[in-house]
Amino acid sequence: MKNTIIALATFVLAGSLSASVATGQKAPDFTLTDTNGVQHSLSDFAGKTVVLEWLNHGCPFVVRHYESGNMQGLQDRYGDKGVVWLSIVSSAPGKQGYYPPEKANEITADYEATPAAVLIDSTGDVGRLYSAETTPHMYVINPDGVLVYQGAIDDQPRGRDPSQANNFVANALDASMAGEPIPNGTTRPYGCSVKY
């Protein structure tokens, strides 16, 4: 029974559809320091498409997307198209997913991941600002600074091969960059709860 309770507390297979930042509204600015000690503000990337990825390398859902190469594939494909990919760690010190900057850089290198930056949000302020519930929880912001997608990375919360999934982030990026409407701008996130 105890293990069941722990499992239920750890995993969020379907999050809420409510958020403090509404799809179609301006994404709020924030400033965070990355794992190399450099500060980044969302406003630094005005005029560019930005992806926010909530990250916890201790989460099995995140591990699945990185071990399969799915997340890195998205980072590479859209990075080549000028998309700025920001991975955000909102785990509090001492909780799952929090790593000192040098360890976080080592994990990023081991996975051959290519985000523009891994940002440390150890207070959880930015995660709460965006109502980030899970890892991964994904957001797409267009060049006008408008949040055009938020939710799950894909339609496979139960762990099927990510390459066979309907990838909501890729769909949102493709549509947004083509100037087309995004058919489903908000989906239910899935994964581990953010460890605030």
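**Ground rules.** I worked on a predicted model, where local features need pLDDT of at least 70, side-chain atom pairs count only at pLDDT 80 or more, and totals for chains, interfaces and linings use all residues. Residues are numbered from 1 along each chain as its sequence is written, and side-chain values use heavy atoms, with hydrogens and water left out.

**Entry 1, largest pocket.** I looked up the largest pocket and noted a volume of about 160 Å³. A pocket here is an open set of points on a 1 Å grid over the protein atoms alone, with protein on both sides within 12 Å along at least five of seven lines; a cavity is a set where a 1.4 Å probe fits but cannot get out, and lining residues have an atom within 4 Å of a point. Points are joined across faces, edges and corners, and the volume is the space filled by probe spheres set on them. I listed 16 lining residues for the largest pocket, with Lys26, Leu42, Ser43, Ala46 and Gly145 nearest its centre. By class this lining has eight nonpolar, four polar and four charged residues (nonpolar: Ala, Val, Leu, Ile, Met, Phe, Trp, Tyr, Cys and Pro; charged: Asp, Glu, Lys and Arg; polar: the others, Gly among them).

**Entry 2, cavities.** I found two cavities of 30 Å³ or more. The largest cavity has a volume of about 70 Å³. Its lining includes Leu55, His57, Tyr99, Thr108 and Ile120. Helix H4 (101–110) and strand E6 (117–120) are the elements that give two or more residues to this lining. Helices (H or I, at least four residues) and strands (E, at least two) are DSSP runs, numbered from the N terminus.

I looked for salt bridges (a side-chain nitrogen of Lys or Arg within 4 Å of a carboxyl oxygen of Asp or Glu) and found one. Glu106 pairs with Lys103, and the closest N and O atoms are 3.3 Å apart. The two residues are three apart in helix H4, so about one helical turn separates them. Glu106 is partly exposed at 39% relative accessible area, and Lys103 is partly exposed at 33%. My cut-offs were under 20% for buried, over 50% for exposed and partly exposed in between, with a 1.4 Å probe and protein chains only.

I placed Ile141 in strand E8 (residues 138–141). Ile141 is buried, with a relative accessible area of 2%. Leaving aside neighbours within four places in sequence, its contacts include Ala27, Leu42, Val50, Tyr130 and Leu147 (contact: heavy atoms within 4.5 Å). I also checked Ile141 against His65: 76 residues apart in sequence and 21 Å apart in space, C-alpha to C-alpha.

His65 is among the buried residues of H2, as are Phe61, Val62, Val63, Arg64 and Tyr66. Six of the eight residues of H2 (residues 60–67) are buried, so the helix is largely enclosed by the rest of the structure. Just after H2, I noted a positive phi of about 85 degrees at Gly69.

I found Thr187 in the loop between helix H6 (168–177) and strand E10 (191–193). Thr187 is buried, at 8% relative accessible area. The Thr187 side chain makes a polar contact with the side chain of Tyr149 at 2.5 Å, and reaches the backbone nitrogen of Ala152 at 2.9 Å. A polar contact is a pair of N or O atoms within 3.5 Å; within protein, one must be able to donate a hydrogen and the other to accept it, and residues adjacent in sequence count only if both atoms are side-chain atoms.
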